[in-house]
Amino acid sequence: MEETLLAFRRKTEAYRTMNAELEILGVKLKHYRVDAAMEIVEEYLSNDKLNTIGIVTMQMLMQASKETTWKQYIEDLDLTVIGETEVLEAAGIEPETPSYEEVETNEFIARFFWGMIQKKSRIFVLGDTEEELQTLQKYLTETYPGIEIGGGAVVETLEESAFDSLVNEINSQTTDVIVSGLAGTRQDRFVLENSSKISAKIWLSLGEHATLQNEAGIKTSWWGTLLKKNTFKWMVTKYNSEKDG
C-alpha cells in the first residue's frame, strides 16, 4: 500500500513539474502544463512569424486516425493543448493529476484570452458559417469583457480567388491573434495554406470542443456527445490492443 501511494505521489509530482510526450491513436503530441504553455505563448507574441496553436479534441484525433493529412496537421502544430479530459484518459493520465484539473476547467483557454486583453492584442475571428462566426464573436465578447476583436470572416463559401483579399483584411487590421471557429475545418485549411502571407503572431484553433460549443450557445445533443465519447474510447482500446498484439 505504501509503495503504491509513493508511486502515485511520484507520478503526480512528475506531471506537476514536467511536460509529457503522448501518443494517442498513432498521433504524437506534446502535452504542456498551462504555465509552460503560456510561457510559449509569450515567445510567440514577440517573434516574427505566425505560430499555430491547436486545442486537441476527441473529434480531431478520430479524424486524424483516418486521414494522414490531419494527422500531419496536428503533429505539425507549434503548440498542442489538450482540450478534453477523455484525451488525457486515453493517454493514461490519472484524474488526480493537476493536468486533469487544468483541462477539465479549460484553464489554458481562459488564461490565453485574459492575457490577450492585458496585452491589448487585436483578434480576428474565422468561422465556417455566418452563424458560427457571430456566435463565436458573441461568446468571446461576453465571456472576456475588454477583448478587442478587430474583425471576422466566413470561410465556408469563400472562393480560393478571394483568399488574398481576406489575407489583406487580416493584415490591415494589425491582427495579433486569429481565432478559428468551433466546428469545421475549412478555416484551418485557409490559415495553413496562407500562413506565410499573414502578419499575425498566433493562430488559435479551438476545434470542435463540446464544452465551448455549449458555452457559446451552439447546441450539441447529449446523445451525440455520448456517442462520440464511446466511439473514441472504443477506437483507443482497439488501437492499443492491435499495437500491443
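This is a predicted model: local features need pLDDT of at least 70, side-chain atom pairs count only at pLDDT 80 or more; totals for chains, interfaces and linings use all residues.
I take a polar contact to be a pair of N or O atoms within 3.5 Å, one able to donate a hydrogen and the other to accept it.

**Entry 1: S180 and its partners**

I looked up the side-chain partners of S180 and found two. The side chains of S180 and W203 are joined by a polar contact of 3.4 Å. The side chain of S180 also has a polar contact of 2.9 Å with that of D188. I then asked myself where S180 lies in the secondary structure. The residue belongs to strand β7, which covers residues 177–180.

Is S180 buried or exposed? Its relative accessibility is 0%, so I noted S180 as buried, the cut-off for that being under 20%. Setting aside neighbours within four places in sequence, I listed what touches S180: L126 and L136, then Q187 and D188, and finally the run W203, L204, S205 and L206.

**Entry 2: the whole protein**

Next I stepped back for an overview. I counted twelve helices and eight strands in the secondary structure. Of the 245 residues in the protein, 47% are buried.

The largest nonpolar core has 40 residues, and L126 is listed with L29, L61, I74 and F232 as having the most contacts inside it. Which helix gives this core its largest share? I found that helix α3 (residues 58–66) does, with five residues.

Beyond its neighbours within four places in sequence, I74 is in contact with V27, L29, V56, M60, L61, A64 and T80. There is also a second, separate core of 31 residues, and I53, I55, M116 and L140 are among them.

**Entry 3: a helix pair**

My last stop was helix α9 (residues 163–172) and helix α10 (residues 186–193), whose axes come within 11 Å and cross at roughly 80 degrees. That angle falls in the range of 65 to 115 degrees, and I therefore logged α9 and α10 as roughly perpendicular to each other. On the α9 side, the contact is made by F163, L166, V167 and I170. From α10 I wrote down R186, F190 and E193.

Methods
Residues are numbered from 1 along each chain as its sequence is written. Side-chain values use heavy atoms; hydrogens and water are left out. Helices (H or I, at least four residues) and strands (E, at least two) are DSSP runs, numbered from the N terminus. Buried means under 20% relative accessible area, exposed over 50%, partly exposed in between (1.4 Å probe, protein chains only). Contact means heavy atoms within 4.5 Å. A nonpolar core is a set of buried Ala, Val, Leu, Ile, Met, Phe, Trp, Tyr and Cys residues joined through side-chain atoms within 4.5 Å. Axes are lines fitted to C-alpha atoms, for helices over the stretch in contact, and angles run from 0 to 180 degrees between N-to-C directions. Angles under 35 degrees count as roughly parallel, over 145 as roughly antiparallel, 65 to 115 as roughly perpendicular and the rest as oblique.
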